[in-house]
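Visitor: I have a chain open on my screen and some questions about it. Can we go through it together?

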Amino acid sequence: MHYLAVKLLHIAVVVLFLGNITTGLFWVRHAKRYRTPARIAEAMDGVIRSDRLFTLPCVVLITLAGLAAAWLGGFRILHTGWIVWGLGLFSVSGIAFLRLAPLQRRIRDYAARADADWETCLHLLRRWDLIGAISLAAAWAALTVMVLKIPG
């Protein structure tokens, strides 16, 4: 029973994590439609707060619950291909996020300035879109690998 409870916790936190990072990209894209720095500053501030409240705690819980579930399930973590690949892809997502987080603060701070111009915001947002897409794709790929147990 402990294995199933920890596995359920792991899956629930993964759902919350993926939902949060996917929604963050949505809200920034929504704000871009208005083509005003103030909207970008507001959206980015929300993304930063949701990262602090959801993304970062989820990363810790995903890791701890995932490792605990593997141990309780009798899986040899470094000798189980889908776990290694899942951890690797989750790490790629995290490494991309380490580049993304300071950029988010930079965009928010710049866009909140009275003299912020749209073209500079757009330039920064293009970089944010690229790094965010890498982080998001790697996280979704990690989920895919773990659920489908590829390579099994």
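Visitor: Where is arginine 35?
Guide: Arginine 35 is in the loop between α1 and α2 (37–72). Helices (H or I, at least four residues) and strands (E, at least two) are DSSP runs, numbered from the N terminus. One caution: this is a predicted model, where local features need pLDDT of at least 70, side-chain atom pairs count only at pLDDT 80 or more, and totals for chains, interfaces and linings use all residues. Residues are numbered from 1 along each chain as its sequence is written, and side-chain values use heavy atoms, with hydrogens and water left out.

Visitor: What is the phi of arginine 35?
Guide: Near 55 degrees, a positive value in a residue other than glycine. Most residues other than glycine have a negative phi.

Visitor: And what about the phi of lysine 149?
Guide: Lysine 149 has a positive phi of about 55 degrees, and it is not a glycine. Lysine 149 sits in the segment after α4.

Visitor: Which peptide bond is cis there?
Guide: The one from isoleucine 150 to proline 151, with omega near -15 degrees. Proline 151 is also in the segment after α4. Most peptide bonds are trans.

Visitor: Back to lysine 149. Which ring does its charged end sit over?
Guide: The ring of tryptophan 82, 4.8 Å from its centre. A charge sits over a ring if NZ of Lys or CZ of Arg is within 6 Å of the ring centre and within 35 degrees of the ring normal. The charged end of arginine 39 sits over the ring of tyrosine 34, 3.7 Å from its centre.

Visitor: Is tryptophan 82 buried or exposed?
Guide: Buried, at 12% relative accessibility. Buried means under 20% relative accessible area, exposed over 50%, and partly exposed in between (1.4 Å probe, protein chains only). Lysine 149 is partly exposed, at 37%.

Visitor: New topic. How many aromatic pairs are there?
Guide: Three. In one of them, the ring centres of phenylalanine 17 and phenylalanine 90 are 5.7 Å apart and the planes are at 70 degrees, so the pair is edge-to-face. Rings of Phe, Tyr and Trp (its six-membered ring) pair if their centres lie within 6.5 Å; planes under 30 degrees apart count as stacked, over 60 as edge-to-face and the rest as tilted.

Visitor: Which helices hold phenylalanine 17 and phenylalanine 90?
Guide: Phenylalanine 17 lies in α1 (residues 2–32) and phenylalanine 90 in α3 (residues 81–111), so the pair ties together parts 73 residues apart in sequence. Phenylalanine 17 is buried, at 5%. Phenylalanine 90 is buried too, at 17%. Another pair joins phenylalanine 75 and tryptophan 82: centres 5.3 Å apart, planes at 80 degrees, so edge-to-face.

Visitor: Now charges. How many salt bridges are there?
Guide: Five in the whole structure. A salt bridge is a side-chain nitrogen of Lys or Arg within 4 Å of a carboxyl oxygen of Asp or Glu. One joins lysine 32 and aspartate 129, with the closest N and O atoms 2.7 Å apart. That pair links α1 to α4, 97 residues apart. Lysine 32 and aspartate 129 are both buried.

Visitor: What about aspartate 45 and arginine 49?
Guide: Their side chains meet in a salt bridge at 3.9 Å, N to O. They are four residues apart in helix α2, so about one helical turn separates them. Arginine 108 and aspartate 109 also meet in a salt bridge, at 3.0 Å. Salt bridges that share partners join Asp45, Arg49, Arg108 and Asp109 into one network.
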